[in-house]
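Here is a walk through a structure, from single residues out to the whole assembly. Keep the sequence and the 3D view side by side as you read.

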Protein chains: 2
Amino acid sequence: MEVNRRLNGSALARLLGGWRSRGENNLTTALTEHTRLLILDGRLPIQIRLPGERELAEALDISRTTVAAAYNRLREQGFLMSRQGSGSWVTLPNDTTTVAPAPWTPSTTAGASELDLARAALAAPRGYMNDAIAYATAQLPQFLQSSGYQLLGTAILRQAVAARLNARGLPTTEDQILITSGAQHALSVVLATLTQPGSRVLVEHPTYPNALDAIRLRGARPVPVAFVDGRWDIEMLARAARDAAPQLAYLIPDFQNPTGMVMSEEERAAIVDIARRTGTPFVIDETLTDLTIDGPRPRPLAFHDRDEDSRIITVGSASKILWGGFRIGWIRAAAPMIRRLAASRAAMDMSSPIMDQLMVAYLLPKLDAIAEKRREALRRSRDALVEQFAVYLPEWRPAAAAGGVSLWIDLGLALSSRLASEAQQQNILLTPGPRFGIDGAFERFLRIPLTVPPDQAAVAAQRLSMIWLKLRSERRPAFAPELVS
Amino acid sequence: MEVNRRLNGSALARLLGGWRSRGENNLTTALTEHTRLLILDGRLPIQIRLPGERELAEALDISRTTVAAAYNRLREQGFLMSRQGSGSWVTLPNDTTTVAPAPWTPSTTAGASELDLARAALAAPRGYMNDAIAYATAQLPQFLQSSGYQLLGTAILRQAVAARLNARGLPTTEDQILITSGAQHALSVVLATLTQPGSRVLVEHPTYPNALDAIRLRGARPVPVAFVDGRWDIEMLARAARDAAPQLAYLIPDFQNPTGMVMSEEERAAIVDIARRTGTPFVIDETLTDLTIDGPRPRPLAFHDRDEDSRIITVGSASKILWGGFRIGWIRAAAPMIRRLAASRAAMDMSSPIMDQLMVAYLLPKLDAIAEKRREALRRSRDALVEQFAVYLPEWRPAAAAGGVSLWIDLGLALSSRLASEAQQQNILLTPGPRFGIDGAFERFLRIPLTVPPDQAAVAAQRLSMIWLKLRSERRPAFAPELVS
């Protein structure tokens, strides 16, 4: 609809890969099931147009009758719509949206759950908090005679944020920084300023559920661009930025949430180029940057941006790397854009808390030392989870996670919502794959947070394994086809 | 448009009051000018339909020709629109919107201005802050092991807010409280939850500028209901709630901003009744309640609400009464409504800062003692301002201000925006009347904050008086007619 991309026969044939080797005798069934999995995984984006029957038949070297029969089954099952003259396009049956419609949020009932595998959030850096309070207490008097409203944020924190970006090699001045109440709030401010209800917002697919919620709350529409072969689809992003006329794009280049992927330097340069050529503002979510586990910390995407009239809007947050109890984030953009954003922010919530700003100003210069400890903890968690899942759930395939807070697991079967639902019965909180997608995609995936303590990894894997085995034995083949036999 | 109210001849005649006694020889000019002033003041609401020429002529006991000539002039000047069969309705010429479109906010450039008469905000209660920090520091460790996200707010603060409302005679349980990041944010959360772009929101006219900004940012449309004879127009509010089908209403019953008015108990009961009968949710902004100067503190409006399925949503804030540097407010509503609001709040900014929540939880039980001092300071400021304005600007008429943070002044001439503009040239910040209205109304009014220190009152009055005298001498009669000669 928004992005009228049409796959040609050979492109779909590539995506279908080893569809024949599934050990099924019936080619129609194999083609139907494999295509459906591509849809449920988000590898075939919703709304994409499929090649004509004859074209696909030629590309796959099978009879047109087989393709027609498979398309027909997909239509019956609600995965394909066709219209005379417009061809066929991918859709989803209504009943696959099994996820609760309420926005995902770090659970408020965590105390009541035995095992929280839904929240990807860290505890506070304990050893530093008292010193941060002491610093803030010492700085506070200079603000007490004032109204306490600081629309752009306190100079002390804006300078600390700018200093940190400069130290990372990104020239940044204080007037390029707006202090916000966290990264979620930063995105809400950008949406309120640059989009209108009905606007289109380009997103990766899958992406961060709260970003999708913020876009929907604005009344805007997410335009999903799927990953291809485990990489950003730069060509498709460029095409969507051009053809879908989005008001905004939202990307997570560092340890993408939920996939954990990191954008290459070439891809970053390409994104900057797309923003410049199409005039689309890109929100670049760099809240996870400092949570590197393996390899070097990614460089800011805006590093590639030499544009005076920059379209790159970088978002960072103390709430992710330091503590969620701090409501402090920031936006880095061209100074005129910062002033625009500040104006609409005033109508949302006026300004950010002074105590938190001062405490974060104290902690930012110590972030490398703090992050070092966090990295260690994340590495131990990740390694324990990967190890235990390999033991108890060998058919699950976790993606490589070189940093960030999530392990994105390919379950092999489209059972994620049912798994989460069963788990909830046993007081285990899970965020099923479809929360990270649009229209029920990613039923075959599950995100496990890397913030699970290592000593809980074995219990988590064991308990999930028991639920999983039960689900597998119950599953009705028509609804949960296996990818690899 | 939204509210198709039509004034009959005798109602308009009442509003026109002593129009003849203006010392003008020409009746047409007198009627035109007087009607225009009623429009600019907001006493004749935009979109209201005026009586037919014959009807008004009869009510005023003048010739129909005079009325026709006056209506004609008003049409030429852009204050009236007519359509065959629909009669004439009030509008405003495009060029009266002389106010900057940027949302009003507590100035960020206050350091640069000599005299800030725009901000109505208090300094922090100095004597209490260190103890509040000590308390928060002691409580903090119990939160540091958690993610720090508290979607509904910490139990400790929700209980403190509920306790305070109970102490004021309003039975309130913890599950009826949602902690927000200030009152502006509270309103944004309600707007995001209960309105859609295009929704109508009933507001008093004039009202708090930031509320108008929040409504517009949501893409919703404010439906203004004017005050009548210095009182809430309950009949019109009831009619608008019924006929305009608003999704929401927003009222400030305690020391209304900017007029300073206080709603009577009968009016409060009537509002609750309107909410119940029409099903319209009413946001009741009680952020100024504790800033009483004269008389008793108003009782919570929700006191009159005995409805299980209550439509009254009360908003309070620590940022107004304590300090703007705290970003803490709250919403009191029926428990199911609180859960609805919390869900969309998660998509906006997740949760509120923990340190601020703990400090405010410490300060709330001490609010009466703190408020007592604030009241004293506000009384001194108010008395000094009223006294000095009486000396230097005797033709200005400040409304009685029994509390709150504003002095609403009737300038007698529709020069407010020009006054603010001239003042700005001299580094004096003013918020002109039209910022409190819709479509340029209230050009004849100015709000002066009661937070001006008493020792600045004389300087403020003197400097404004010099600008005012200059403007008066320059004014072009056609654009700034005098109400009283």
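Ile293(B) sits in the loop between strand E9 (282-285) and E10 of chain B. Is Ile293(B) buried or exposed? Ile293(B) has 21 C-beta neighbours inside 10 Å, so it counts as buried. Its contacts beyond four places in sequence are Arg375(B), Leu378(B), Arg379(B), Arg382(B), Ala401(B), Ala402(B) and Gly403(B). Val405(B) is 112 residues away along the chain from Ile293(B), yet their C-alpha atoms are separated by 9.9 Å. This is a predicted model, and the confidence values come up further on.

Gln247(B) lies between helix H10 (234-243) and strand E8 (248-251). Its count is 17 C-beta neighbours inside 10 Å, so Gln247(B) is classed as partly exposed. Residues are called buried at 20 or more such neighbours. Leaving out residues up to four places away, Gln247(B) touches Leu194(B), Thr195(B), Ser199(B), Arg200(B) and Val201(B). Of these, take Thr195(B): Gln247(B) is 52 residues from it in sequence, and the C-alpha to C-alpha separation is 5.8 Å.

Now turn to a helix, H13(B).

The contact takes 53 residues from chain B and 53 residues from chain A. On chain B, helix H5 (126-139), helix H6 (141-144), helix H8 (183-194), helix H9 (209-217), helix H13 (335-349) and helix H14 (354-363) each supply at least two residues. H13(B) gives the largest share, six residues. By class, this side of chain B divides into 28 nonpolar, 19 polar and six charged residues.

How do the two copies relate? Two copies of a chain are related by a rotation about an axis and a shift along it.

Within chain A, the domain assignment gives domain 1 (9-92), domain 2 (110-123 + 371-474) and domain 3 (126-368). The C-alpha centres of domain 1 and domain 3 of chain A lie 39 Å apart. Four residues of domain 1 of chain A contact four residues of domain 3 of chain A. The domain 1 side of that contact has two nonpolar, one polar and one charged residues.

Chain A also has some backbone geometry to check. A cis peptide bond joins His205(A) and Pro206(A), with omega about 10°. Pro206(A) lies in the loop between strand E6 (200-205) and H9 of chain A. The bond from Asn257(A) to Pro258(A) is cis as well, with omega near 20°. Asp229(A) is not a glycine, but has a positive phi of about 50°. With 8 C-beta neighbours inside 10 Å, Asp229(A) counts as exposed. Asn427(A), also not a glycine, has a positive phi of about 60°. Asn427(A) is partly exposed, with 13 other C-beta atoms within 10 Å.

Last comes confidence. The model scores ipTM 0.79 and pTM 0.80. Chain A has a mean pLDDT of 88, and 91% of its residues reach 70 or more. Over residues 95-111 of chain A the pLDDT is below 50, though this stretch has 36 contacts beyond near neighbours in sequence. Residues 477-485 of chain A are also below 50, with 14 such contacts. Where pLDDT is low, the predicted coordinates should not be read in detail.

Notes:
Residues are numbered from 1 along each chain as its sequence is written. Chains are lettered from A and ligands numbered from 1 in the order in which they are written. This is a predicted model: local features need pLDDT of at least 70, side-chain atom pairs count only at pLDDT 80 or more; totals for chains, interfaces and linings use all residues. Two residues are in contact if their C-beta atoms, placed from the backbone, lie within 7 Å. Helices (H or I, at least four residues) and strands (E, at least two) are DSSP runs, numbered from the N terminus. Ala, Val, Leu, Ile, Met, Phe, Trp, Tyr, Cys and Pro count as nonpolar, Asp, Glu, Lys and Arg as charged, and the others, Gly among them, as polar. Domain bounds come from an automatic or database domain assignment. A residue is buried if 20 or more other C-beta atoms lie within 10 Å of its own, exposed if 12 or fewer, and partly exposed in between; C-beta atoms are placed from the backbone. pLDDT is the predictor's confidence in each residue, from 0 to 100.
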